[in-house]
Amino acid sequence: MDVKIGLEIHCQLTNLRTKLFCNCSSDYRGDEPNTHICPICMGLPGTLPLLNEKALEDGVAVALALNSEIQPKMTFYRKNYFYPDMPKNFQISQFDGGDGVPIAKGGFVDLDVGRRIKIRRIQIEEDPAKLVYSGTIDTAEEVLIDYNRAGIALVEIVTEPDIRTPREARLFLQKLRDILEFLGVSDGSLEGSMRCDANISLGGGTRVEIKNISSFKEVERALRFEITRQKRLSAEGLTVQRETRHWDESRRITVSLRVKETEEDYRYFPEPDIMPVVVSEQYVDAVRGALPELPHRKKDRYVEDLNVPVQNAAILSRNLRLSQLFERCVGLGADPVEASNWIVGDLLSYLRELDLSLEDPKVRAEHLVEMLRLIEDGLISGKIAKEVLLESLKTGKSPKRIVEERGLMKIGDEELLERLVEEVFRENRRAVLDARLNEEAVNYLIGQVMKKTAGKADPVLTSKLVRLKLSQIEVG
Amino acid sequence: MARLMEYSFKEASIEEHVAKLIERISRLEPEIHAYITVLEEQALQKAKRLDDALNKGVAKGKLTGMTVAVKDNICTKGVRTTCGSRMLLNFNPPYDATVINQLEAQGAIIIGKTNMDEFAMGNSTETSYFGPTRNPFDPSRVPGGSSGGSGGAVAAEMADLALGSDTGGSVRCPASFCGVVGLKPTYGAVSRYGLISYANSLEQIGPMARTVEMCKLLFEAIAGHDPLDGTSIPEELRRPTELGSRTERRSKFKVLVPAQILGEGTDERVEKAVLNALSEMEMVEFEVRSGDLPSLSAALPAYYVIAMSEASSNLARYDGVRYGHQSPWKHDWDETYSATRAEGFGVEVKRRIILGTYTLSAGYYHKYYVKAQKVRTLLITEFKEAFKRFDLIAGPTMPILPFRIGEKVKDPLEMYMCDVDTVPANLTGFPAITIPCGFIEGLPVGLQLIAPPLGEELLFQAARLFEEELSLRVPRINR
Ligand SMILES: [Zn+2]
């Protein structure tokens with residue numbers, strides 16, 4: 001059945017320092033509730049909102065990065081509804097309808113799997129406060145309100161219903177987060193900084209909305225559940241209701257929040273306290289000129305300036321944190337090609353294996369560089385290095401310490417190795433004979449020496465000794 | 001200048017001046033009820049400090065020692081600001097409105113917070129939770145509204161000056177009914193920061209005084225760009241438009257009297273008094289012509305649609321969650337909000353919230369709100385056209401004389417009709433002044449002059465001529 005998924009992503013502009021309409025600090029996480037508030041963001045009578053111009057700049061940067069069309073004159077609207085998390089009981093937002101003009105319209109994001117997801121609009125708005133239930137939503141005796149979040153600048157990105165699978169939704173969100181991080185406008189790893197609503201319809205049927213999903217993994221799960229639920233309903237000949245559902249993370253099901261008969265009436269109208277903002281071409285050009293290095297430029301630079309293989313460069317430049325890790329390694333003196341191979345190859349697969357994120361403090365460029373240096377100095381073999389890296393990621397210990405503690409230093413003792421080679425030659429007469437004609441057999445012999453030393457033998461020296469020994473054998 | 005001298009305190013200390021005023025307030029207040037809060041202690045202390053500064057020769061400020069009565073919808077730090085509503089009975093703003101800071105900087109003394117129609121909705125000051133203010137010229141009559149307390153305080157000499165707010169005529173109406181001068185400044189000329197919003201796109205804080213000169217003084221103290229108000233006009237754009245600058249001109253004031261503001265609905269006596277005053281001025285420096293401004297007839301409905309729409313949204317924040325009146329918890333949000341608002345708001349406020357909610361709702365938004373905005377645009381165009389040929393537009397401020405308390409409260413439509421002549425200035429954002437131009441059976445009649453944007457200076461010049469040249473005898477309030 002034809003699945004259509006549209007996403008509505010709210011993303012905090014976490015790098016603004018202040019809120020959207022006042023000078024309160026936007027860096028509130030971990031602070032006491034209601035300590036980042038002022039008369040303006042509390043919507044006290046008599047206060048007026050004052051537009052943070054940096055938010056406009058960030059909004060334009062996002063629009064540029066998403067290939068969206070920036071509107072020459074944008075307006076702010078009021079979205080009216082009563083809810084305890086809204087200090088004014090209206091939200092200052094933008095509106096794509098009537099005379100309302102959001103900051104940008106249209107645009108697209110190309111996924112690495114070769115699909116293009118179209119953007120409908122991008123708008124700026126203020127975040128409501130946070131409701132803190134003592135217990136769960138249903139059973140809480142009371143609810144506390146923390147206004148620290150109220151008035152934080154959000155950029156809202158709405159896609160067309162272009163997404164076809166839950167996995168595609170997740171890929172899109174990851175890509176979007178990467179872009180926002182590259183732009184330096186938002187840190188997607190901060191708790192609650194990116195929130196997502198999804199709407200989904202099957203076979204051109206009724207649209208169901210799922211509200212406030214907290215992580216990308218959960219988006220994928222929620223959508224999977226919802227597709228199954230809707231398929232089951234139609235299989236049983238029941239109709240899918242037009243409604244808003246809540247994703248219950250712990251039970252991994254969606255539950256009905258409210259059934260919508262009609263569109264909610266937000267009574268949008270132009271915000272009289274904020275004049276329409278003229279976004280000139282010069283302004284857009286200036287923002288464009290100041291954009292940080294975006295993925296495709298990074299990739300080119302890695303290939304051209306650092307000789308990194310194209311495939312590696314593509315992977316490293318796709319994600320800001322990955323590129324930062326790589327660039328830091330290079331900055332600390334690592335060989336770019338070696339570093340790129342290790343990151344793209346072993347490091348990423350270990351991270352997957354260990355379910356670690358790049359933000360984890362155990363993932364450190366310093367450690368990677370130290371490991372590369374141990375290899376370069378001939379102190380460990382590549383094989384041992386893999387082991388060391390895995391251990392370092394598990395424990396956070398430095399590679400040097402791991403090598404020392406576990407005695408993994410390479411065996412470079414020529415006499416010892418010579419003895420071992422002789423032993424191997426004695427035990428593998430057939431291979432020794434083959435080795436004179438067959439390079440594979442040579443490698444086999446070298447491998448046997450390595451095996452005897454549990455990989456610690458210096459491979460270069462071992463190879464040299466094996467070949468020397470072979471050349472000394474008289475043909476008879 | 002004669003009148004200015006009358007109220008100066010050159011012979012006495014500021015403290016004596018304030019003490020005398022407080023004594024007068026305590027004598028007249030029981031009858032007039034112009035104030036919600038009188039700040040005797042605070043005012044006397046400030047007066048002493050100002051006297052000290054004067055003695056040391058370090059006092060500065062154009063308003064040094066002058067007492068100002070401030071409408072109770074303008075926030076004063078630590079002094080309750082109620083908007084005349086039960087909803088804000090206990091609201092002590094943690095900050096001062098920008099105009100309050102400006103007054104302080106000019107050495108003014110805030111003498112009290114004045115009574116008003118609840119949330120500035122009304123033109124009689126009868127909808128106040130604190131009870132009505134009475135007209136000093138006839139206490140059985142209303143002082144006008146919504147800044148009725150400010151109008152009454154100035155007229156009864158219970159303050160030297162007063163601030164009101166004007167959304168659809170709320171400064172000019174009480175000024176007219178109380179026989180004083182009142183100005184609705186150009187939109188954006190005076191900061192709205194700290195003015196508790198009724199209808200943001202229409203309202204301005206405005207000065208009220210017994211003379212044009214004092215009104216001008218107060219206006220100059222509060223005008224200026226405020227970075228806290230996004231709609232405040234930037235300093236570099238604060239020059240009057242070409243149309244409004246007349247400082248150097250020696251020719252006569254060309255005045256347009258639109259046919260649409262006379263006739264039906266206007267009390268014949270009021271109309272006659274205004275026309276008489278205008279023709280009297282023709283002897284001096286005025287050239288008066290009648291003409292047409294067709295869109296004026298659509299101004300009143302457009303005004304009410306916009307004002308109520310904005311009000312319905314602005315007043316949503318009064319839910320009892322963070323401040324103000326709160327009803328006990330009623331097991332869900334909607335119920336609790338409803339109870340809080342049902343108890344906290346008066347009838348007129350509820351009426352406007354409901355009507356505003358209706359005009360904004362899907363399906364009606366285009367029929368009402370959008371159409372009203374179109375009328376507004378049309379009106380601005382028409383006014384601009386008129387100002388190419390005329391310096392000023394003139395007519396009655398109020399179409400009727402001050403009515404009796406209780407006479408119109410039962411009929412909201414009739415009450416709304418009173419705003420017919422004042423709302424065009426709010427819809428266009430243009431400045432307008434009202435000055436007394438006659439008395440009928442002891443009740444004042446106000447004449448309104450409207451100027452192009454930032455034409456306040458022009459208004460003061462013209463109004464001063466009226467004040468000097470009209471053979472008008474203003475009865476003193478002697479109680
Ligand atoms: Zn704030």
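In what follows, a residue is called buried under 20% relative accessible area, exposed over 50% and partly exposed in between (1.4 Å probe, protein chains only). The model is predicted, so local features need pLDDT of at least 70 and side-chain atom pairs count only at pLDDT 80 or more, while totals for chains, interfaces and linings use all residues. Residues are numbered from 1 along each chain as its sequence is written, chains are lettered from A and ligands numbered from 1 in the order in which they are written, and side-chain values use heavy atoms, with hydrogens and water left out.

The zinc ion has as its protein donors the SG atoms of A:C22, A:C24, A:C38 and A:C41, at 2.3 to 2.4 Å; donors here are N, O and S atoms within 2.8 Å of the metal (3.2 Å for Na, K and Ca), and because water is not among the atoms, sites may look incomplete. Along the sequence these donor residues follow the spacing C-x1-C-x13-C-x2-C. The arrangement is tetrahedral because the 4 donor atoms subtend angles of 101 to 114° around the zinc ion, and four donors count as tetrahedral if all angles lie between 85 and 135 degrees. Both A:C38 and A:C41 are buried.

Next comes the meeting of the two chains. Chain B brings 38 residues to the contact and chain A brings 32 residues, contact meaning heavy atoms within 4.5 Å. About 2900 Å² is buried between chain B and chain A, with carbon and sulfur atoms giving 61% of that area; buried area is the accessible area (1.4 Å probe) that two parts lose on being put together, summed over both. On the chain B side, B:R317, B:R322 and B:W333 lose the most area to chain A, together 20% of what that side buries.

The rule finds 1 salt bridge across this interface, a salt bridge being a side-chain nitrogen of Lys or Arg within 4 Å of a carboxyl oxygen of Asp or Glu. A:D273 pairs with B:R192 in a salt bridge whose closest N and O atoms are 2.9 Å apart. Helix 9 (296-314), helix 10 (333-344) and helix 11 (347-360) of chain B each give two or more residues to the side that touches chain A; helices (H or I, at least four residues) and strands (E, at least two) are DSSP runs, numbered from the N terminus. Helix 9 of chain B gives the most to that side, with 4 residues.

Over all chains, the whole structure holds 64 salt bridges. In one of them, A:D112 and A:R318 have their closest N and O atoms 3.2 Å apart. A:D112 lies in the loop between strand 7 (108-110) and strand 8 (116-126) of chain A, and A:R318 in the loop between helix 6 (310-316) and helix 7 (320-331) of chain A, so the pair ties together parts 206 residues apart in sequence. A:R318 is partly exposed, at 35% relative accessibility. In chain B, a salt bridge joins the side chains of B:E235 and B:R238 (3.9 Å, N to O). B:E235 counts as partly exposed because its relative accessible area is 49%, whereas B:R238 is buried at 16%.

Finally, B:A432 belongs to strand 10 (residues 432-440) of chain B and is buried, with a relative accessible area of 0%. Its C-alpha atom is 7.3 Å from that of B:L459, 27 residues away along the chain. Beyond neighbours within four places in sequence, the residues in contact with B:A432 include B:R172, B:G182, B:I450 and B:L459.

Note on methods:
Tetrahedral: all angles 85-135°; square planar, octahedral: opposite > 155°, others 65-115°.
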